[in-house]
Amino acid sequence: MINNQKKNNRILLVDNEIDISSAFKIGLEDNGFEVDAFDKPDAALSYFNQGMYDLLLLDIKMPKMNGIEFYKRMKEIDEKVKVCFITASEIHYFEEIAKEIFPILGVRRLIRKPIKIQDLVKTVKAELLD
Amino acid sequence: MLLYLIIQYQLLIHTLTFSYDKTSAGTTMVLHGSENVMNTIIQFLSKSNMIDSCGDNKAPKLVIEIEDFRKLLFDLKKSHRKVRYITDITKDNVKYCKQLMNYFDEIRHIDGLRANFSISEKEYLASGSLLQEEVQRQQFRGLVQQIIYSNVKDIVEQQKYIFESFWNKAIPAEQRIKDLEQGIVPGSTAVIQIPSKIQELFIDLVKSAKVEVLLILPTINAFLREERLGVMQSLKELAEAMNVKVRILTPINDIIEEKIHNIYAVNQENMASFSIQPIEITSKEIRVSTVTILVVDREKSLAIEKTDDSKQDFIDAIGLATYSTSTPTVLSYVSIFESLSNQIKLYEQLKIHDKMQVEFINIASHELRTPTQAVLAYSELLQKHPEKREEMIKAIHRNAERLQRLTNDILDVTKIESKTLNLQKEEFNLNDLLSNILEDYKNEIEKNKSNVRLFLKDFINIKRSFLVKADRRRITQLISNLLNNAIKFTEGKGGDVYVTVEGKREADGDSDNDKEVVVSIKDTGTGIDPEIYPRLFTKFATKSETGTGLGLFICKSIIEAHGGKIWAQNNKDDKGATFAFSLPLSSNKEQRFQIRRLAP
């Protein structure tokens, strides 16, 4: 986990695949974001506090606690925090989630892996600007 | 019953008291008295060339055992009269019926026949009931108290018509006797059109069950109606108290599901013989008719047709019913039940299979995209971060290997399923291979600073030679897969992995030599998830967030292709699991040679 205290386009990234969370962290930091990356949702959850981040970038399929559940818990702490989900799974696997749960949660962006770093940056920026 | 009717006639004449109705067309009389009855019968027989006769199930015994009847039988046979006879052949009178077949041209059977009459070309005779005391004494005199005689053409014609109706409905005595001797008792089939009678019979049939009840309910409403009728309660009691096997096929919805849940919930341990198979209402593959089918003890069936399924009351909802004790009919309903039951099971399996396929696509896509993402991202970042070059190349390599493993697994499964998994067999010492693999793993564990310790148990066996003829690459793949799993599920909290190898003789113990080698890999990890256990070696069985669920399926296919077996169980101390496989050993001669050579 790499800690950032400055409050400027700060991103909390949670992905149980360490290689991916590390790569995304480097790529996003290259583009001016401040990123805290975790590979264990429970560790991220215990670290999280209201107003710490502008955006959550969450993997969906993770052991013990999936990204959706994680986000619900996060929202209880910080209602305004924005989110982008990111998944390597087939899209229809999450069709119901996307249709039913995403609107309730106010989720607008689902990023599919694999994605180029520059495209990831574009999506993240768009979400933060909205 | 021809003969005792004839005797009745003789009795009638003897008594002198009779009713008399003479018309220009003929005479109809009710006569009493045994002597005259006999004379009349003799006259009846003497004037007749063709005689058709019916008798109840007591008649054959009397005809054979009472002397006066026997005499008449001989006379009939001698005079070559053509006699057709119908009776109710039962297991009690079958031996007499067989004897009667020697005297009559043809005998047929009707279940429960109660008619006693005879017709010749121009005359008709009908007896009343027999006096039981005379029947027991096997005496003819006094046996029949009265008889009806007629030679009125219309009456004779009517009776001929009745006889022909019986005759056409009857089955040959030979067939009936064969069925009885083989224990086959074809029952009867009846159509019941009175709903209240159907309801009564339905309840009585359910309550009469001794061994098994099969019930097909075609609609949700049928379930609800039958429940209101108390049928479900009766079935439950039968299963609980008398261990009657109750099997029900029914469509379900939330209401029915809750009711089923309540049936099971009360006394679950005593409900082992009670099963309800749900039919999915939305399923296009499974169609049930609108007929409720009940089969009791595979001896009786009741098929109830509905006229209005919307009605709440059983009587209002049903039309007619077919009740049968006929073995072929009842077994047809059993067959319908079993076919539907199997169809439901197959449909369920198909659904599971489809679900597994979808699940596999999800898993495979996740497993393909994840390392691809890592390769793509690090390749992109590599140029910007030359200082992290080595670290990033390692990550790319690691993920490329992961992709390679997945590709190989998918290709292996394709080969297994298309039966093109070819083995390159060679002879080698399994212990040598095992030692090399374990050495590599130990190095890897040390390098990764893993909290798992790997042990070789039973050093003597490790020193032995276990020659196998096998595909070295595939056996390496198998052992590596099992070791990877053991380490993966032990790594979290840390623990030990033990590998043992031992020779096994044949179960009958007729040989001093080992026939196979068994390798066991025991870990102290998380153990096998109970949900996965029943399908552990099938495709796509995984609870892991990383893994395709193909590894153990491939392992099983590899080992079985070598004539070996693979199995797994959770350890008795609740810590971890043990996976083991067996492989047939090469010829024992060589084993012995190897053992001597290697022994210190």
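Two strands pair if DSSP finds at least two bridges between them. Strand 11 (residues 212-216) of chain B and strand 14 of chain B are joined by four bridges and run antiparallel. The model is a predicted one.

Within the pairing, B:Leu215 sits opposite B:Leu294 of strand 14 of chain B. Strand 14 of chain B has another partner. Six bridges tie strand 14 of chain B to strand 15 (residues 300-306) of chain B, again in the antiparallel sense. Here B:Val295 has B:Ser301 of strand 15 of chain B as its bridge partner. Strands 14 and 15 of chain B form a hairpin, with three residues between them. In the turn, B:Asp297 has a positive phi of about 55°.

How enclosed is strand 14 (residues 291-296) of chain B? Five of its six residues are buried, so the rest of the structure largely encloses this strand.

In soluble globular proteins, nonpolar side chains tend to be buried together. The largest nonpolar core here has 40 residues. B:Ile293, B:Leu294 and B:Val295 are among those with the most contacts inside this core, as are B:Val213, B:Leu235, B:Val246 and B:Phe337. Which helix gives the most to this core? Helix 11 (residues 231-242) of chain B does, with five residues.

B:Phe337 deserves a look of its own.

Now turn to the contact between the chains. Chain A gives 20 residues to the contact and chain B gives 20 residues. On the side of chain A that touches chain B, the largest share is seven residues, from helix 1 of chain A. By class, that side of chain A has ten nonpolar, three polar and seven charged residues.

Helix 1 (residues 18-30) of chain A packs with helix 14 (residues 327-382) of chain B at an angle of about 30°. Their axes are 9 Å apart. The crossing of helix 1 of chain A and helix 14 of chain B is left-handed. Helix 1 of chain A makes the contact through A:Asp19, A:Ile20, A:Ala23, A:Phe24, A:Ile26 and A:Gly27. Helix 14 of chain B answers with B:Thr370, B:Gln373, B:Ala374, B:Ala377, B:Tyr378 and B:Leu381. Together, the residues of this helix contact are eight nonpolar, three polar and one charged.

Conventions: Residues are numbered from 1 along each chain as its sequence is written. Chains are lettered from A and ligands numbered from 1 in the order in which they are written. This is a predicted model: local features need pLDDT of at least 70, side-chain atom pairs count only at pLDDT 80 or more; totals for chains, interfaces and linings use all residues. Axes are lines fitted to C-alpha atoms, for helices over the stretch in contact, and angles run from 0 to 180 degrees between N-to-C directions. Helices (H or I, at least four residues) and strands (E, at least two) are DSSP runs, numbered from the N terminus. A crossing is left-handed if the near helix is turned anticlockwise from the far one by less than a right angle, and right-handed if clockwise. Two residues are in contact if their C-beta atoms, placed from the backbone, lie within 7 Å. Ala, Val, Leu, Ile, Met, Phe, Trp, Tyr, Cys and Pro count as nonpolar, Asp, Glu, Lys and Arg as charged, and the others, Gly among them, as polar. A nonpolar core is a set of buried Ala, Val, Leu, Ile, Met, Phe, Trp, Tyr and Cys residues joined through C-beta atoms within 7 Å. A residue is buried if 20 or more other C-beta atoms lie within 10 Å of its own, exposed if 12 or fewer, and partly exposed in between; C-beta atoms are placed from the backbone.
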